[in-house]
Amino acid sequence: MTLKLQGYKVGILDADVYGPSLPTMMVDKDASWSVTPTEDKMMVNPVSLHGVSCMSYGFVAPGTGGRRDHKNGNEMNRGLEADAAILRGPMVSSIVEHLTKRTLWGELDFLIIDMPPGTGDVHLTLCQQMENKIDAAVIVTTPQRLSFVDVVKGIDMFHRLKVPTIAVVENMAWFKGDSGKKYFPF
C-alpha cells in the first residue's frame, strides 16, 4: 500500500498456491469482487482492491479463499473457512504460470510477487519464466534459527537464478506491551 500511496501503479501476485493469503489480507469482510475474463476470453483481469491490481489462486479456485456469491456466480472472500489446495509440483507450476501470464496486468510500476516459503517449484518457475524481469528479492523471515537457515538457502537460490536479494525483513521479532516495554518472544 505504501507504493500505491506514493502514486505508483502496483500489482500483487500471490504465488503461494498452497496458502493463498492475498484474499484474506486485502478483501474487506463484506466487500464483493470478481475475477472477470477479458473480452477475447484468453486472459483475466486482476481484482482491483484498494487501488492495487491483485491476483491469487485464492480468487480463482473454489474453496481456496472464496465463497460462492449466489447472486452473480463470482467467488468472494470467506477467510478462514478455505479448503486446502492439494496439488503436485507440476500442477502448482502450471497454476503459477497461468496466474502470471494470463492476467492482464496493464501498465505497472511494480509487480510484487508473494512467494511461498522455501526454494521449490514456484520460485524456479517464476524466475525462469520471468527471466531478466525480476529486479530483486526481499526475503521475509522470523527470528528463529530454523528460519535463518531457510533465509540463507533462499538467498543462495536467488543468487544462482541471478536475482539479487536486496533486503531481509525480520517479522515478529518483538512486540510492545501495554506498558511500552518491548518483548522478544523468540
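Here are some friendly notes on this predicted model, point by point.

1. **How to read the notes.** Because this is a predicted model, local features need pLDDT of at least 70 and side-chain atom pairs count only at pLDDT 80 or more, while totals for chains, interfaces and linings use all residues. Residues are numbered from 1 along each chain as its sequence is written, and side-chain values use heavy atoms, with hydrogens and water left out.

2. **Confidence.** The mean pLDDT (the predictor's confidence in each residue, from 0 to 100) is 84 for the protein, and 88% of its residues reach 70 or more. Confidence is highest in strand β1 (residues 10–14), at a mean of 95, and lowest in strand β5 (residues 75–77), at 43. Helices (H or I, at least four residues) and strands (E, at least two) are DSSP runs, numbered from the N terminus.

3. **A stretch to treat with care.** Over residues 65–80 the pLDDT is below 50, and in the model this stretch has 38 contacts beyond near neighbours in sequence. A contact means heavy atoms within 4.5 Å. Where pLDDT is low, the predicted coordinates should not be read in detail.

4. **Gln129.** Look for Gln129 in helix α5 (residues 121–129). Its relative accessible area is 19%, so Gln129 is buried; the cut-offs are under 20% for buried, over 50% for exposed, and partly exposed in between (1.4 Å probe, protein chains only). Leaving aside residues up to four places away in sequence, Gln129 touches Val96, Glu97, Thr100 and Lys101.

5. **A nonpolar patch.** On the surface, Val138, Val140, Ile166 and Val169 form a nonpolar patch, together having about 360 Å² of accessible area. Such a patch is made of residues with over 30% relative accessible area and no salt bridge, with nonpolar side chains (Val, Leu, Ile, Met, Phe, Trp, Tyr) joined within 5 Å and like charges within 9 Å. A salt bridge is a side-chain nitrogen of Lys or Arg within 4 Å of a carboxyl oxygen of Asp or Glu. Strands β7 (137–141) and β8 (165–170) each supply at least two of the patch residues. Val140, in strand β7, counts as exposed because its relative accessibility is 56%.

6. **Aromatic pairs.** The structure holds two aromatic pairs. Rings of Phe, Tyr and Trp (its six-membered ring) pair if their centres lie within 6.5 Å; planes under 30 degrees apart count as stacked, over 60 as edge-to-face and the rest as tilted. Tyr8 and Phe110 are edge-to-face, at 5.1 Å centre to centre with 85 degrees between the planes. This pair links distant parts of the chain, 102 residues apart: Tyr8 sits in the loop between α1 (2–5) and β1, and Phe110 in strand β6 (residues 110–114). Phe175 and Tyr183 are stacked, because their ring centres are 5.3 Å apart and their planes at 20 degrees.

Conventions
Areas by Shrake-Rupley, 256 points an atom, 1.4 Å probe, with all protein chains shown as cover.
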